[in-house]
Amino acid sequence: LGKRVTELLGIDYPIVQGGMAWVAEAELAAAVSNGGGLGIVAAASMPPELLDKELKKVRALTDRPFGVNIMLMSPTASDAIEVAAANRVPVATTGAGSPGKVLERLKPLGTKVVPVVPTTALARRVERQGADAVIVEGCEAGGHIGELTTMVATPLVVDAVDIPVIAAGGIADGRGMAAAFALGAEGVQIGTRFVCSSECRVHENYKLAILNAKDRSSAVTGRPTGHPVRCIRNKLTSQFDHMEISGASVEDIEALGAGKLRAAVVDGDVDFGSVMAGQIAAMVSRIQPASEIIEEICREAEEVLSRLGSLK
Ligand code: FMN
């Protein structure tokens, strides 16, 4: 089922690790790629020199394909594209916007470009622009989110384009992966569960916050700004709630969010930092090596798929 994706990306299993600002560094990316998935370094939180260093580090740690995630909203996006070009990165995923510039600059160099899209309209547009595949991300996901759920957006996007569709948002085990395939996806992208991999270098408090999360632990902050973010409920999300209820300005709400992901990831401030994670955090119960996560999910997915023979 995942053959078009594994062949396109040169990987063993159709599992992509989500690009995650401040979280997705070289060690995690290399561990995922060495485990047979596609590891990704997130450019959003990195100045160009650091991104260059991290990409070279992944190359030193694995001989498997890997990728870079370029957040198009980020002020350093243009620099990140040039660093990705100089490093001849095998795959680029893009988030939050229209990836025209990335396609134009990186595709001629042989980089496979796989944009993250929240809607059928953007999926169609990036296919026309030459995207090699798309990642459709539902609002169950951690981080910046769109409106549609994975359950709804995946089959709609599958129907809208001919290129392979990779589903993201709310997938953390083999059941989720098999469900995504049932909806027509040919691969999955996973963020939250990989935060709890042994090789991910986020502060221990961040991992604990995910491990302790229950089904109603996640909240969405910043809706009035037009850039909503899913994270784990804490003192910061209460502050956001109060501001939104009291009709605070968009500028003030944006100011409250500034620097908060770094505070949680780097300083371990899980009370007043932004602990971005998906709803599926409730299912993540162990810290494991990335390769074990990949094997476990694929084994479970195979079992589920073989069990689902017919309706009766
Ligand atoms: N997606 C991007 O395209 N660029 C980012 O910089 C980015 N940062 C993220 C940071 C965190 C902490 C998390 C949890 C997610 C982020 N995402 C980002 C989304 C992930 O790449 C991925 O699509 C998402 O986590 C999948 O949903 P899941 O968390 O339910 O597995």
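Student: Which residues of helix α8 (residues 174-182) are buried?

Tutor: Helices (H or I, at least four residues) and strands (E, at least two) are DSSP runs, numbered from the N terminus. A residue is buried if 20 or more other C-beta atoms, placed from the backbone, lie within 10 Å of its own, exposed if 12 or fewer, and partly exposed in between. The buried residues of α8 are Gly176, Met177, Ala178, Ala179, Ala180 and Phe181.

Student: How are the residues numbered, and what kind of model is this?

Tutor: Residues are numbered from 1 along each chain as its sequence is written. Local features need pLDDT of at least 70, side-chain atom pairs count only at pLDDT 80 or more, and totals for chains, interfaces and linings use all residues, since this is a predicted model.

Student: Which elements are included in what covers the buried residues of α8?

Tutor: Contact here requires that the C-beta atoms of two residues, placed from the backbone, lie within 7 Å. The cover over the buried residues of α8 includes α7 (150-160), β8 (165-168), β9 (187-190) and α14 (290-307).

Student: Is Ala178 buried or exposed, and which residues is Ala178 in contact with, leaving aside neighbours within four places in sequence?

Tutor: Ala178 has its place in helix α8. It counts as buried because 23 C-beta neighbours lie inside 10 Å. In space, Ala178 is 9.9 Å from Leu1, C-alpha to C-alpha, although 177 residues separate the two in sequence. Beyond its neighbours within four places in sequence, the contacts of Ala178 are Ala301, Val304 and Leu305.

Student: Where does Trp22 lie, and what is its phi?

Tutor: Trp22 is found in the loop between β1 (15-17) and α2. It is buried, because 20 other C-beta atoms lie within 10 Å. Most residues other than glycine have a negative phi, and most peptide bonds are trans. Trp22 is not a glycine, yet its phi is positive, at about 70°.

Student: Is Arg88 buried or exposed?

Tutor: Arg88 belongs to the loop between α4 (77-86) and β4 (91-95). Its phi is also positive, near 45°, in a residue other than glycine. Since 12 C-beta neighbours lie inside 10 Å, Arg88 counts as exposed.

Student: Which residues does Ile11 touch, not counting residues up to four places away in sequence?

Tutor: Ile11 sits in the loop between α1 (3-9) and β1, and it counts as buried because 26 C-beta neighbours lie inside 10 Å. Gly37 is 26 residues from Ile11 in sequence and 5.8 Å from it in space, C-alpha to C-alpha. With residues up to four places away set aside, Ile11 touches Thr6, Gly36, Gly37, Leu38 and Pro65.

Student: Which residues have the most contacts inside the largest nonpolar core?

Tutor: A nonpolar core is a set of buried Ala, Val, Leu, Ile, Met, Phe, Trp, Tyr and Cys residues joined through C-beta atoms within 7 Å. The largest has 105 residues, and those with the most contacts inside it are Ile70 and Val134.

Student: Which helix gives the largest share of this core, and between which domains does the core lie?

Tutor: The largest share, six residues, comes from helix α2 (residues 26-34). Domain bounds come from an automatic or database domain assignment. Both domains give residues to this core, so it lies between domain 1 (3-201 + 286-305) and domain 2 (204-280).

Student: How far apart are the C-alpha centres of domain 1 and domain 2, and how many residues does the contact take from domain 2?

Tutor: The C-alpha centres of the two domains lie 23 Å apart. The contact takes 18 residues from domain 1, and from domain 2 also 18 residues.

Student: Which residues come nearest to the ligand?

Tutor: A residue is near a molecule or strand if its C-beta atom, placed from the backbone, lies within 6 Å of it. The shell around the ligand lies between domain 1 and domain 2, because both give residues to it. Of the 28 residues around the ligand, those that come nearest are Gly18, Gly95, Gly142, Gly191 and Gly278.
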